[in-house]
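Subject: Structure handover

Hello,

Here is the structure, with notes on what was found in it below.

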Amino acid sequence: MKPQLEDGQVIDGFRLVDPLESGGMASFWRVAREGDDLPMLMKIPLLRPGEDPLTIIGYEVEQMILPRLTGPHVPRFVAAGDFERPYIVMEFIHGTSVKSLLEKTPLPSTEVAAIGAMIAFALHDIHRQHVLHLDLKPSNVILRKDNAVLIDFGLSRHDQLPDLVQEEAEGPVGTGAYIAPEQILGDRSDPRSDLFALGVIMYFLATGERPFGEPQRADNWRRRLWRDPVPPRGRNASVPPWLQEAILRCLEVDPEERYATAAQLAFDLQHPDQITLTQRAARLKQDDTITVGWRRLRMWRNPPVSMRRALTTHLANAPIVLVAIDLEPAHEALNHAVAVAVRRVLATEPNARLACINVLKLARLSLDKLEDSQGRNPHLGRLVGLKHWTRAIPLAPDRITYHVLEGTDPARLIIDYARQNRVDHIVVGARGASMLRRYLGSVSAHVVAEAPCTVTVVRAHADVAGESTENSAQEA
Amino acid sequence: MWIGLFSDIHANREALEASLAHARASGISRLIFLGDYVGYGADPGFAVDTVMREVELGAVALLGNHDAAIEAGTRDMNPVAAEAIDWTRPRLERRQREFLSRLPLTFEDNNRLFVHASAHAPAHWEYITSVASASRSFMATRAQVTFCGHVHVPELYHLSPTGKIAGFQPVQAVEIPLLAQRRWLVVMGSVGQPRDYNPAACYGALDTERNALIYVRVPYDNETAARKVRDAGLPQILSLRLIEGA
């Protein structure tokens, strides 16, 4: 046995300051290091003889994955111990654990959506770094003022590294209340498993109850493959249909029926009025016994097959595409060319979503009226114009959203919108090349220079035959 | 320090030159050759001379089964491999043959074992193509990490602290931490005759300080290498393999 740890003890330059509540598989200490201001936490795995081998493996996995993750949604990795003295030191995250919110449930729907979007952004960030969390639950999410931080990567998987958990475990690994159906069937390669767990968290926050209870034994996890949960509105009548739609879509048994990416889920949670309501939103009761019986029989006869794709391929197939449209009649030829370019971008991406943006430019110095001369809200007319334009885009209505942004600087509005919504690709028209634009800088040039993603700039020009054609320049 | 691991060059001058240039440009400061410098390809003399020069500069070179067959004969080889060795033998100078005949089967350094085929009976040239053959190699050594080649298909086997062995197909250019708690068997791909449906040359880059490994792929002028094999009158299939990478 190793000697007990105590306050003031120094391990590899880290002074133990304060013991924290210890988890089942590890003990935690606040630690400090000479000349280092970062608040730090040391996680020491409890490697006792006879301990669940997954404790050891979880420590290895975290040691392998955490150093590779960067950004605001994960604790920063600081150091790891060696074989003789295993530990991991990481950034200590100040914030509120989602677990601590559970006693205040049910939460108001706006709060559930805001928390859901924060967690979805965190998931999208790690997915883009090739990592699937695969054990998302309230105790593994810490909320800070502006973002959510994911912790405990002990059961995670890196898409490009050996999956140590898969190789160690005999059966499915996860937490009974949150584990996704495909994980129960042994598939640890689908990023949408994390969306399922997030759906369970949102359900819990919105209703105060877990959709599938808390089954401890893995034998009982399978039930969620055929038995649908009580719809959130059946438990809490104040849950709005749009939130139920989003939650139940996350909880679909077939990952193909869920949101394609965490960014697309976050997008909906940030724009509740744009969520297309389906029969999911209307349900108040669970399916009847006969439907469930048939589903179970079907599941037994044709168990779902996993379609393993590389994580980056999956994300690339489900981009959020932003298109900025100027509705002035003078730009009809350009808007036609933009539609052609958008169709081309969407052609190869079956899970894409399109956000159509129109900018309502406000004069810098005057107070603009919110109504036109006939007392109509100018937004309305623009939404009608945007919807009309998308008639040329062959995409299901639930994949298109419409947004009128207001401000003095159109390029800045488009860039900020793209950043806030994790947009993958911007399509924007170049409105010509007048002297004035050359001196002041065009919107498209500004967007190209500062956008956080790929930008396609579309030009329209009358050719000899008088028909407009388009060609586009890509900047990645 | 970064070490370059070169296996199964097989007399492919174009692949060797491109891989060495890539390794030098990537900050590799030491080379370990895991055997099979000759056989299959059209430039055996060049391959052996290059390795001899690197060895004089401090590199380590191990014996492969094709190198051994120059002297020992081709009894255990398939007809195509045997034909290539019989073509190669008269094209090597005496000093080159002597160099090959003096090469060791294994090299150990700091808890790492280097061998051409398997730690289990290295001179029997067992192919590591399954968990079973990987397990025999793990049992035969105490080294934490074993590096080998011979199969021409990259694979990374690992033995968990609880005794489970699994294989993993490495993704090129991704750094893999060789965690201290487990043992690893690194099957390198081939520099001069890849067979994993990717014709690019493969070599390994190991950071000895952090115990991290990268499988590197280097595209090279395989059409020239293939044409030289054809022009030399070697079996057609050997030329095709360089184009297909299989």
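B:Ile176 sits opposite B:Leu213 of strand S12 in chain B. The two strands involved, S9 (residues 176–177) and S12 (residues 212–218) of chain B, pair in the antiparallel sense over two bridges. Strands pair here if DSSP finds at least two bridges between them. Helices (H or I, at least four residues) and strands (E, at least two) are DSSP runs, numbered from the N terminus.

This is a predicted model: local features need pLDDT of at least 70, side-chain atom pairs count only at pLDDT 80 or more, and totals for chains, interfaces and linings use all residues. Residues are numbered from 1 along each chain as its sequence is written, while chains are lettered from A and ligands numbered from 1 in the order in which they are written.

The sheet in chain B

B:Leu213 is also the bridge partner of B:Leu206. S11(B) and S12(B) form a hairpin with four residues between them. In its turn, B:Asn211 has a positive phi of about 50 degrees.

B:Leu206 in S11(B) is in turn the bridge partner of B:Ile3. Strand S1 (residues 2–6) of chain B and S11(B) run antiparallel, joined by four bridges. The whole is an open sheet of six strands in chain B, in the order S3-S2-S1-S11-S12-S9, with mixed pairing. Its edge strands are S3 (60–61) and S9 of chain B, each of which pairs on one side only. In general, strands of a sheet pair through backbone hydrogen bonds, either parallel or antiparallel.

Helix H1 (residues 13–25) of chain B lies across S1, S11 and S12 of chain B, at about 25 degrees to S11(B). Axes are lines fitted to C-alpha atoms, for helices over the stretch in contact, and angles run from 0 to 180 degrees between N-to-C directions. Two residues are in contact if their C-beta atoms, placed from the backbone, lie within 7 Å.

B:Ala201 is found in S11 of chain B. B:Ala201 counts as buried because it has 31 C-beta neighbours inside 10 Å. The cut-offs are 20 or more other C-beta atoms within 10 Å of a residue's own for buried, 12 or fewer for exposed, and partly exposed in between, with C-beta atoms placed from the backbone. Leaving out residues up to four places away in sequence, B:Ala201 touches B:Ala15, B:Ala18, B:Ser19, B:Val191, B:Gly192, B:Pro194, B:Val218 and B:Tyr220. B:Tyr220 is 19 residues from B:Ala201 in sequence and 7.0 Å away in space, C-alpha to C-alpha.

Backbone points to check

- B:Asn110 has a positive phi, near 55 degrees, and is in the loop between strand S4 (106–109) and strand S5 (112–115) of chain B. B:Asn110 is exposed because 8 other C-beta atoms lie within 10 Å.
- B:Ala121 also has a positive phi, near 45 degrees, and is found in the loop between S5 and helix H6 (131–139) of chain B. B:Ala121 counts as partly exposed because it has 13 C-beta neighbours inside 10 Å.
- A cis peptide bond joins A:Thr105 and A:Pro106, with omega about 0 degrees. A:Pro106 is in the loop between helix H2 (98–101) and helix H3 (109–128) of chain A.

Chain A

Chain A has 17 helices and 17 strands. Buried residues make up 42% of its 476 residues. The domain assignment gives domain 1 (10–91), domain 2 (96–307) and domain 3 (319–368 + 376–475); domain bounds come from an automatic or database domain assignment. The centres of domain 1 and domain 2 of chain A, taken over C-alpha atoms, are 28 Å apart. Their contact takes 18 residues from domain 1 and 21 residues from domain 2.

Helix H13 (residues 332–347) of chain A has 16 residues and spans 22 Å from first C-alpha to last, close to the 22 Å expected at 1.5 Å a residue. That expected span is 1.5 Å times one less than the number of residues. Its buried residues include A:Leu334, A:Asn335 and A:Val338.

The contact between the chains

How many residues does each chain give to the contact? Chain A gives 14 residues and chain B gives 15 residues. On the side of chain A that touches chain B, helix H1 (53–65) and helix H4 (164–168) of chain A each supply at least two residues. H1(A) gives the most, with six residues.

Regards
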